[in-house]
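Me: Could you walk me through this structure, one question at a time?

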Amino acid sequence: MDTTTVLLVVGGIALVIAVAGVAWFVEKKRREALVGLAGANGWTIDERDDRWTTSFEGAPFNIGHNRQARNVMTGRHDGRPFVGFDYVYYTTEWDTDSNGHRRKKEVSHWFSVLGLEIGAQVPRLEVTPEGFFGRAIGKLLNKDIELESEEFNRAFTVSSPDRKFAYDMLHPRLMEYLLTVRDVAWRTSNGWLLTVNNGKHDAHEIMPRVQVLDTILDMVPDYVREQHGIAGTQELR
């Protein structure tokens, strides 16, 4: 092996070590910020609690293998039970090197999960920011529920097996509010209101998203609460 090759190999190893070191430092600072946020709000934070990986339905849950819930924060927000965690699952994928050899690798898929407990089991309802392609597919499959606000219909995709529940929940005042927070996707799942995003959340991103969930629950009409047994914040304390 000549000197140039040795230098290239050593340089490559050094680069890998440097990248890994930077990633470790960034994750360490993120974890410290999450611990600080939890402490400031009276929440507990556990490095890992995989019980939460089976608590909810729909993607990204129940996909892949080696599912984990990391940096799990639990406590209360505005009187409601709160949970937030990094969710990861793994898939086995194959690629081919320059010599045509197939190699197996484990690929991680990370998500941010934040939720507030509703206080009752309610029908599934999912509201996601709309794209032209998603809207076209929704219309084609008859899964995109149309509401009375055309601006809202252009901004969001709404799906639910219970159309009446969707109409009751998404009243004009709530639609008007949601149009001010168009980047937040949310859903009901197993008695919780969730927002799930790709990637890991930073500490400063958590409270604004949780506040959106809290506002949605505050705006549930009284007749919907009575119909579905949804608890108020005082009942959840």
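Reply: Two strands pair if DSSP finds at least two bridges between them, and strands are DSSP runs (E, at least two residues) numbered from the N terminus. This is a predicted model, where local features need pLDDT of at least 70, side-chain atom pairs count only at pLDDT 80 or more, and totals for chains, interfaces and linings use all residues. Residues are numbered from 1 along each chain as its sequence is written, and side-chain values use heavy atoms, leaving out hydrogens and water.

Me: How many bridges join strand 1 to strand 2?
Reply: Strand 1 covers residues 44–48 and strand 2 covers residues 65–77. They run antiparallel, and the number of bridges joining them is four.

Me: Which residue in the turn between strand 2 and strand 3 has a positive phi?
Reply: Strand 3 (residues 80–96) runs antiparallel to strand 2, with nine bridges. The two form a hairpin with two residues between them. The phi in question is about 55 degrees, and the residue is Asp 78.

Me: Are the rings of Phe 56 and Trp 192 stacked, tilted or edge-to-face?
Reply: Rings of Phe, Tyr and Trp (its six-membered ring) pair if their centres lie within 6.5 Å; planes under 30 degrees apart count as stacked, over 60 as edge-to-face and the rest as tilted. A search of the whole structure finds ten such pairs. Here the centres are 6.1 Å apart and the planes at 80 degrees, so the pair is edge-to-face.

Me: How many residues apart in sequence are the parts that this pair ties together?
Reply: Phe 56 lies in the loop between strand 1 and strand 2, and Trp 192 in strand 8 (residues 192–198). The pair therefore ties together parts whose separation in residues is 136.
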